[in-house]
Amino acid sequence: RTDNFGLARGYASVTSNGGHDSASGFDAAWAAHAPELQNDFGWRSTHVVTLVAKAIATTYYSRPIAHAYIAGNSKGGQAVLMEAQRFPRDFDGLLPSAPVYDYTGRNMIAAAWFAQALSDGHGGSVLDEAAAGTIHASVLSRCGAQAGVEEGLVTDPPSCDWQPSMIACASETHGAACLTPKQVSAVARLMAPARNSAGVILWAYPYLPGSDTQWVGWNYFGAPSNGIAPRLANLLLPEQFGTYLVDATVRPRVDPLTFDFDRAPATLARSRRVYDATSVDLRAFKQRGGKIVMWHGWADGAIAATSSIGYYRHVERVMGGRARTQDFFRLFLIPGVQHGGGGPGLTEFDALSALEKWVETGEPPEKLIASRSAGSVVERSRPVFPYPVQGRYDGVGDPTDASSFLPFVPTEQRKPSPR
């Protein structure tokens, strides 16, 4: 299978279904009244499958395993981080991407916040493809040259000061390049942290400018895809997760549109124990010589890349600073890449080779070269440096070539969210 990078390189590879089979899309009915299946899905299955796979490989090849790696995206990224936190001896190298490590927070609190923001009151969204296109064009006109050259990408979304009010229509009527008052209000809430009535932040990672290229299916309905009916994931996720996964038994009458941000978070304690990979104490994994290369796309429309920054910065606190973190854990933020890959940006890069070299030779990755090709022709490339370093055009060379970008350390004014 060419989509299994380890298998393509000759690794003994294994994957799993997390302990259950389910229908396509966000279907959680398998978890109804099934706490053991929930534990498998939340934290146990990856470890058990790993032990069995290692035993099979060792027996078949009649020699010990030289190095063990694990990669996973989204919920798979959560599983990778859970390994580092609970089973630090399972793997030598970890490659989590866009990890939904705060699984309860994203699927319940954040999703309900987003669902209430975009709801049209009739089961749909006030947003649509035309609105998303209008937003993206406006965002690029304001923030499409952050690296010192027009790239058609938002390369540092947190510093982009775009606001939906900038393209508000003069009236409720749709314009050719403007947002209605309801759409302005919806987008403003999508791009704001979730809070309770006292103003306490419950989810600190709202949507970012540039993620609008992946709002379809999340913030408005799209067309059917691969046999899956059109969905509104930020409405569907909390309904499924809250009904079947939060408790050991089915929770009745879960409605994201009536989620109470004052009272409901306190009812999620069990869910957090089962599903959340939020521990930032990775000392045991570091002490055994483990290495982590984590990446996240800046155009991710499922979970904002700032969530990975938040996790990384809290790890820094525990580990004793950036230098003591970067000697085993590095984060790369890829311009224009969506959830797990794809998007308008630099979608081609090799994080696995960087991780292998770090584990097997001790050479840490100082940069990834990310590119975009048309057929076999590379149209654009640029270096992606470990967080917080960014790439900036040198003003002289070919702006489509990685050699024309230099490392730049921005002033860090964004603080990690309170835990």
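The following dialogue explains some terms through a predicted model.

Guide: Residues are numbered from 1 along each chain as its sequence is written, and side-chain values use heavy atoms, with hydrogens and water left out. Because the model is predicted, local features need pLDDT of at least 70 and side-chain atom pairs count only at pLDDT 80 or more, while totals for chains, interfaces and linings use all residues.

Visitor: Why is Ser 62 called exposed?

Guide: Exposed means over 50% relative accessible area, buried means under 20%, and partly exposed lies in between, with a 1.4 Å probe and protein chains only. Ser 62 has 64% relative accessibility, so it counts as exposed. Ser 62 lies in the loop between helix 2 (35-61) and strand 1 (69-73); helices (H or I, at least four residues) and strands (E, at least two) are DSSP runs numbered from the N terminus. Its phi is near 55°, a positive value in a residue other than glycine.

Visitor: Why does Arg 253 count as exposed?

Guide: Arg 253 has 77% relative accessibility, and therefore counts as exposed. The loop between helix 7 (233-245) and helix 8 (269-275) holds Arg 253, whose phi is also positive, near 55°.

Visitor: What makes Lys 54 a charge over the ring of Phe 91?

Guide: The rule asks for NZ of Lys or CZ of Arg within 6 Å of the ring centre and within 35 degrees of the ring normal. The charged end of Lys 54 is 5.7 Å from the centre of the Phe 91 ring and sits over it. Arg 231 likewise lies over the face of Trp 218, at 5.9 Å from the ring centre.

Visitor: Which residues touch the most other members of the largest nonpolar core?

Guide: A nonpolar core is a set of buried Ala, Val, Leu, Ile, Met, Phe, Trp, Tyr and Cys residues joined through side-chain atoms within 4.5 Å. In the largest core, of 82 residues, Tyr 311 and Phe 329 touch the most other members. Helix 4 (residues 103-118) gives the largest share, ten residues.

Visitor: How do you know that strand 1 and strand 2 pair?

Guide: Two strands pair if DSSP finds at least two bridges between them. Five bridges join strand 1 to strand 2 (residues 93-97), and the two run parallel. One example is Tyr 69, whose bridge partner in strand 2 is Gly 93.

Visitor: Why do strand 1 and strand 6 stand at the edges of the sheet?

Guide: Four strands form an open sheet in the order 1-2-5-6, with parallel pairing. Strand 1 and strand 6 (329-334) each have a single partner strand, so one side of each is left without a neighbour in the sheet.
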